[in-house]
Amino acid sequence: MTVLLATILKVVVIFGALISAAGISTLAERRVSAWIQHRIGPNRVGPFGVLQPLADGIKFIFKEEFVPEGANRWLFILAPALSAAAALMSVAVIPFGGLITEIDGTPILMSIADLDIGALWVVAIGGLGIYGVILGGWASNSKYSLFGGLRATAQMISYELSMILCILAVVAMSDTLNLREIVNLQDSADSRCFGFLPGWNIFYQPLAFVLFVICTFAETNRHPFDFAECESELVGGFHTEYSSMKFALFFIGEYCAMIVMSCMTVTLFLGGFSVPYWSEAPFLIGLASFLLKVTFFMFLFLWVRWSLPRFRYDQLMNLGWKVFLPLALVNILLTGLAVSL
Amino acid sequence: MSDLFEYRAGEMGREMGDTDHDDPLHGAEVELNMGPSHPATHGVLRLKVLADGEILRKIDPVIGYLHRGKEKTCESLGWRKFFVHTDRLDYLQPLLNNCGYAMALERLAGLEVPERAQIIRVLLMETSRIMSHLIAIGVSAMDLGAISMFFFTFDQREKAYDLLDAYTGHRMNNTYVRMGGMYADIEDGLLVSWDKYMTTFLTEVDQWEELLTGNRIWFERNRGIGKLTKEKALAWGLTGPNLRATGVPFDLRKDEPYCGYENYEFEVPIGEEGDAFDRYLMRIEEMRQSARIARQAITKLGQCKGGEFLADDRRYVLPRKHDVYNSMEELIHQFKIVTDMALPVGEAYAGVESSKGELGFYIASDGTAQPLRCHLRAPSLMNVQVIPELAEGKLLSDVVAVLGSLDFVMGEVDR
């Protein structure tokens, strides 16, 4: 009974934290962009503008709910929900921290579900999020939205392959799909790289790491791969016709996906919640270490967005099929050889 | 009104092109409207395009959404009052337009402009050119997704605004050039900060080059896009950076010097490929050269302190305000000039090298206070005309790159 209660508590806390983090990320996006562009950014609502996401949320709720004429009403409403739900659900298997406490001999771990197919879950459920974009683009009955949806479809096919192959390389090394075990393996003393570096997979799989990080940008539709949105060409892409909370849900979905993908990068390649050279680190230290690493990758998302020009649509496809896929395959081959020997 | 609307709606709603829609691999071509309110069409240009997937098969630029009848306005307002309207042509460089119009008037009237006024005009024109190129580069970068560049260039433009504000009292739409010279002299103290701006601004340009010129994505997005040959560029009547990018060293400042441009040292950059990347490089280099000219002008202004800034010709130049307030004759004189100043019978053309190309003012007079004809040669119009040539059959993303690299201002196109 208490175990059930603890699980419910974890669900509430983690989802709540994720949605708040998505809100904070929108603020961070604006503050970081302002910082990069010699501006000040939103700093009026609350200290340092921290309540700005709240104000934005209230604003979105009071905006007019608008469904364009000729739009497929149900799909139009379903799309943003799907986008947000997929991003939120995929966070369920991320191990944020180690052991919290033990109740009646049952260990309570800091993740909603400790699935044995965790990596597969993130890929499968996270991949569903793209349906939100495609459906939203199609159901709007707008040509610009349709372009956005079409681009998103092609982009997903080219990128998820390389991304999954990168995950596969890590899985082949760790011999498990369970994310917590992947973290624990990186933490163990005998996995140290060259005997002194922490046993993070980034040192064993540098190529997979680089490819994976780039693929996360494409996976989350972020700049420089934000073709589905592409405000200067497609006005707003798939969300051109969206307003109010439906629009906000797309944004929550996008930022949650960014957070989940950062979590995945950290879990797979940077030792997750483990602290280098301190295997017995207390729960809170581990959690802090995890959040710190995730924050870095979130910052990377923003940093890249406000620095680089955007790729062209076909350039991205070329890059995906002609560069990343062969590289990822070679990487898998080498990993396979190394593991079997 | 309703007829028009229905016609338009039907036209836009037409989705089926001539393509065979039984073939599953080749769907219908879709007619798509880019603009008049589209983020990449810079103002109110409307492109009617026939899209085959992402490829735009046919592009039809539609202009006229900002038409205000400027030429006719000139003919009804009179010679002097049109100055205010020249500001609104290419609203990114009002002072340069002022100078062009003033030169046309002065040529027709045979008016000599004092040296100091000429130098001030050069300084203002080069500053205007920089300000306009800042927008061109910032906006074309923003169209390709480098949004921060837009803020960097606008930041520098803002500082140039401060200088113009200090001199003319306005940020935009300055109207500070008069027939025969300038409205007022420029102060030495302001020249010091002007000189400083020209230096600090160049260090920023170097930083932008690091961010864009060497950037692989930027290079791939621009190299070979919207490529134009010399012959095509000349045939379309292109001038300015767009023409020079194709390798034609045509620059009015060198070829037909005005305002004493022959006394300044500067180079005219020319490109080789004639593509969007070259057009970008032209603008970057022209900003450097403009800063160079502006700094020379500032030195020259220091050498001719206290010189006249307005011609002393009572037929065309207003009397000083002090005299107007203290003498009846001068008041009448001012009234006569403002209400019915006439230019001699004849016609004149003055072309200046604006940031977009050759900005020309053709005026014809029948000896009255009303111009017989005023025609503007707007370089932006040629830049818009060439869009189908450069962009048809290209991807939507390339069309956006072409639009950004051509650098046109709809205020000038529609007039």
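Analyst: Buried means under 20% relative accessible area, exposed over 50%, and partly exposed in between, with a 1.4 Å probe and protein chains only. This is a predicted model, in which local features need pLDDT of at least 70 and side-chain atom pairs count only at pLDDT 80 or more, while totals for chains, interfaces and linings use all residues. Residues are numbered from 1 along each chain as its sequence is written, chains are lettered from A and ligands numbered from 1 in the order in which they are written, and side-chain values use heavy atoms, with hydrogens and water left out.

User: Is A:Ser274 buried or exposed?

Analyst: A:Ser274 sits in the loop between α10 (244-269) and α11 (283-305) of chain A. Helices here are DSSP runs of H or I with at least four residues, strands are runs of E with at least two, and both are numbered from the N terminus. The relative accessibility of A:Ser274 is 4%, so this residue counts as buried.

User: Which residues is A:Ser274 in contact with, leaving aside its neighbours within four places in sequence?

Analyst: Contact means heavy atoms within 4.5 Å. A:Leu9 is 265 residues from A:Ser274 in sequence, and their C-alpha atoms are 23 Å apart. Beyond the sequence neighbours within four places, the contacts of A:Ser274 are A:Val183, A:Asp187, A:Trp200, A:Ser289 and A:Lys293.

User: What separates the C-alpha atoms of A:Pro198 and A:Asp187?

Analyst: A:Pro198 is in the loop between α6 (179-187) and α7 (201-204) of chain A. With 11% relative accessibility, A:Pro198 counts as buried. A:Pro198 and A:Asp187 are 11 residues apart along the chain, and their C-alpha atoms are separated by 7.4 Å.

User: Which residue does a cis peptide bond join to A:His223?

Analyst: The loop between α8 (206-219) and α9 (231-234) of chain A holds A:Pro224. A:Asn221 lies in the loop between α8 and α9 as well; A:Asn221 is buried at 9% relative accessible area and has a positive phi of about 60 degrees although it is not a glycine. The cis bond, with omega about 0 degrees, joins A:His223 to A:Pro224.

User: What is the phi of A:Asn141?

Analyst: A:Asn141 is in the loop between α4 (118-139) and α5 (143-174) of chain A. Its phi is positive in a residue other than glycine, near 60 degrees.

User: How many disulfides are there over all chains?

Analyst: A disulfide is a pair of cysteine sulfur atoms within 2.5 Å. By this rule, the count over all chains is 0. A:Cys215 is in no disulfide, as the nearest cysteine sulfur, in A:Cys166, is 5.5 Å away. The sulfur of B:Cys259 is too far for a bond with the closest one, in B:Cys99, because the distance is 6.1 Å.

User: What radius of gyration does chain A have?

Analyst: Chain A has 12 helices and 2 strands. The radius of gyration is taken over C-alpha atoms, and the globule rule is 2.2 Å times the number of residues to the power 0.38. For 341 residues that rule gives 20 Å, so chain A is as compact as a globular protein of that length, with a radius of gyration of 20 Å.

User: And what radius of gyration does chain B have?

Analyst: Chain B has 18 helices and 9 strands, and its C-alpha trace spans about 85 × 55 × 35 Å along the principal axes. A compact globule of 415 residues would have a value near 22 Å; this agrees with chain B, at 23 Å.

User: What percentage of the accessible surface of chain B belongs to carbon and sulfur atoms?

Analyst: Accessible areas come from the Shrake-Rupley method with a 1.4 Å probe, and for residues only the protein chains shown count as cover. Chain A exposes about 15100 Å², with 73% supplied by carbon and sulfur. For chain B the surface is about 16800 Å², and the share of carbon and sulfur atoms is 54%.

User: Which elements are among those covering the buried residues of α2(B)?

Analyst: Helix α2 of chain B covers residues 70-77, and its buried residues are B:Lys70, B:Glu71, B:Thr73, B:Cys74 and B:Glu75. After the helix comes B:Gly78, with a positive phi near 110 degrees. The cover of the buried residues includes, from chain B, α3 (83-87), α4 (94-109) and β8 (373-377).
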